[in-house]
Amino acid sequence: MLELNKGIDILAEIGGVNTLDEAKAVFEAKCDAENLAKLGRIATEEALLKIANAIAMTDPDDVFVNTGSPLDLELVRIKSLDKGEERPVAMRDHTLHFDLAKEQARIVDRTFYIVNPGEETSVLAQKILRDKAYEYVKTHMPGIARGKTLLVGFFSRGPVGAAAAIPALEITTSTYVMHSANILYRHVYDRFDEEVERVGYFFTNVHGEGPNRTEDLPDARVFMDRSWLTTFSMLCTYAGNTLLLKKGNHRFAVDLATYYDREDKLSEHMFVTGLTGPGGRKTYFAGAAPSGCGKTTTAMVGTDFIGDDLAQLWIADDGTLRGINPEQGIFGIVRDVKQEDDPYLMKALREEGAEVIWTNVLIDVHGVPYWEGSGEDLPERGVNFQGGWWRGKMDEKGNPVPISNKNARCTVHCTSIGNYNEAAAEDPKGVEIEVITYSGRDSDTMPPVRVAKTPDHGVVIGASILSAATATEVGVTGVRRQPWANEPFIPGPLADYMDAQFVFFNSDKLKNKPIMAGLNYFLTHEARGGDGQGLLGEKRDVKVWLGWLELMANGDIDAINTPIGLIPKYEDLKELFAGIGKEYPKDLYDKQFAFYIDNILGRIDLQEEAYRKEENVPARLFEVYEEQRAEMEALKAKYGPIVSVEQVVEGTEG
Ligand code: SPV
Ligand code: MN
């Protein structure tokens, strides 16, 4: 359940501003004439009250309203350099930001949903009762902007006018956060009132980084108020914790899709990308993958890149599935980004022309950023998120200190990515999604690609995503459940989210059903009777798996029917591999697509056991697992625990 506008509005309660007149008085006290005039062009009362309350609560020295004009964009960058949140980099329009060494990623232990008594949240998330959250915010946020400017921006999560686009306010003391928002999101200042009117609601995000000291990090919090669609972030700087237009608002969008727009909308942790098929046709994909499992790379393999992190999906009146990227930039991991695998991103990072914010990489004495796994020559010394760095530097435990954090990132506008299809990405009608993919990091069980036989089986693939901690970790230990790769961002019980997925993909309104597929790039030699933890495939093979799905989505080829989905025929893959200039030996195919039945059964057991612990999980999930288990056991009885593709064909025909 989710009830909007329930319980006290924490921001209004602390800010104490209740009327438009009171709001105007606050603006007059804190804004110069120019910024006052900018706010004067906004008519949405609820938004003005939110802004006034944020000002009243945080008590800044002054307020800067960011309209998204070229001048305002420039001013935010200058302010950030001036304030020292960012520093210049040797390349034009590049800057660098460091987060404290102890805050290099999302602080999941200090991230909470604000709930009303009796409201349930996902078993994989933390919640805090409204009155406790109120006390906490009241202790830490009043006056957090003293001595600083409070920046206010009006954004749209998606192309303005799109059915699934949602307007949002970003209110922050951090110039770095606002600079990031300028790159990652579309401004909607000029049409904010009209968009709120059309959509019916907007999100509000309030952030104060505080003094930015390590000793304050235990007190840092990320709160998402589900009922008031408002986030509070304090005493931290990492964009995943502070730029809550991104994952904070994604969580609200998931909530709304689950409880309010059921059967009409989904909000997913997915890339969106297009692939050009035979005859020049375009087929668009939306694909889920847990953080750090190659989502950005997969997205950029497409010929028509749209987005790498989030997707808002809906069913259009003509029965097609549409998708937009709520963002217009990437906040991408730089580790292992290298010329041969990521040419588009490398061009943006290494050649003049793009605006880039680097975070938590190494910068050398010439102001050049470097990162782990770039394949480039690395400098002898420099400065990174932990201070001075030199080759051979060891930590207290005697381990080498890496050159950059493994979650070091780059923030880049999509227009700086060579294969970005800007016209398609900006179209409020979205692109038609014909393929949905789910991937994880699975060293020993699932084949590289398989297509669900029915929408129900597709939902079950999404529900069953797993990831290991690293590509080389094998076995059940260290394997984490990652339902839909969206699990960190699902506020309500997983059962509710799952139900919404079954409803959406089975909807009669959805006339052009997408194919739904499982992808896995992480099978190792060891897991298929060979030696070592090296991968059976390479990054560039992704093009083949996507290419095969493109043909499947368009009904151009047949596939092999198996208990866990449709898998490719060798000949089709061979041809696709030839297209990327690569031999594809039959014995590699045999390894990649043979069934290791005990592993598959183990996976079904693991998932079933976990989902049995939760209430109200749709029975359909267990039915699909049961069907798959019975068919797998029948194959095992006939052929033993390792079953070849030929045996699967024979076994399922007979
Ligand atoms: C992720 O971790 O999935 C990201 C970066 O995309 S963050 O903004 O931290 O969520
Ligand atoms: Mn992400």
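**Entry 1: the shell around ligand 1**

Before sorting any residues I wrote down the classes: Ala, Val, Leu, Ile, Met, Phe, Trp, Tyr, Cys and Pro count as nonpolar, Asp, Glu, Lys and Arg as charged, and the others, Gly among them, as polar. I also noted that what I am looking at is a predicted model. With those classes in hand, I found that the shell around ligand 1 divides into two nonpolar, three polar and five charged residues. The residues themselves are Arg106, Tyr238, Gly240, Lys246, Lys247, His269, Ser291, Asp309, Phe331 and Arg409.

Next I looked up which side chains of this shell bring a polar atom to an oxygen atom of the ligand. For arginine 106 I read a distance of 2.7 Å between a polar side-chain atom and an oxygen atom of ligand 1, and for lysine 247 the corresponding distance is 2.7 Å as well. Histidine 269 has a side-chain N or O atom that lies 3.2 Å from an oxygen atom of the ligand. I then asked myself how much of ligand 1 the protein buries. Taken alone, the ligand exposes 280 Å², and the protein buries 95% of that.

**Entry 2: salt bridges**

I turned to the charged side chains, where the count comes to 53 salt bridges. I began with arginine 146 and aspartate 59, whose side chains meet with N and O 2.8 Å apart. Arginine 146 sits in the loop between α6 (130-140) and β6 (149-157), and aspartate 59 sits in the loop between α4 (45-58) and β1 (62-66), so this pair ties together parts that are 87 residues apart in sequence. Are the two partners buried or exposed? Arginine 146 counts as exposed because its relative accessibility is 54% and the cut-off for exposed is over 50%, while aspartate 59, at 24%, counts as partly exposed.

My next pair was aspartate 93 and arginine 92, whose closest N and O atoms are 3.9 Å apart in their salt bridge. Aspartate 93 is partly exposed, with a relative accessible area of 27%, whereas arginine 92 reaches 57% and counts as exposed.

I then looked at lysine 539 and aspartate 342, which form a salt bridge at 3.8 Å from N to O. This pair links distant parts of the chain, 197 residues apart, with lysine 539 in the loop between β29 (515-519) and α16 (542-553) and aspartate 342 in the loop between β18 (329-333) and α12 (343-350). Lysine 539 is partly exposed at 35%, but aspartate 342 has a relative accessible area of 5% and is therefore buried. I also noted one network, in which salt bridges that share partners join Lys246, Lys247, Lys295, Asp309 and Glu327. Going back to my first entry, I see that Lys246, Lys247 and Asp309 are also among the residues around ligand 1.

**Entry 3: aromatic rings**

Finally I went through the rings, for which the count comes to 20 aromatic pairs. Tyrosine 136 belongs to helix α6 and phenylalanine 223 to strand β10 (residues 221-225), which means that the pair ties together parts 87 residues apart in sequence. Both tyrosine 136 and phenylalanine 223 are buried. Elsewhere in my list, ring pairs link Trp545, Tyr570, Phe577, Tyr584, Tyr589 and Phe593 into a cluster.

Methods: Residues numbered from 1 in each chain as written. Chains lettered and ligands numbered in written order. Predicted model: local features only at pLDDT ≥ 70, side-chain atom pairs only at ≥ 80, totals over all residues. Heavy atoms only, no water. Near = heavy atom within 4 Å. Polar contact = N/O pair within 3.5 Å; in protein donor to acceptor, adjacent residues only side chain to side chain. Areas by Shrake-Rupley, 256 points an atom, 1.4 Å probe, with all protein chains shown as cover. Salt bridge = Lys/Arg side-chain N within 4 Å of Asp/Glu carboxyl O. Helix = DSSP H or I, 4+ residues; strand = E, 2+ residues; numbered from the N terminus. Buried < 20%, exposed > 50% of the residue type's maximum accessible area, 1.4 Å probe, protein only. Phe/Tyr/Trp six-rings, centres within 6.5 Å; stacked < 30°, edge-to-face > 60°.
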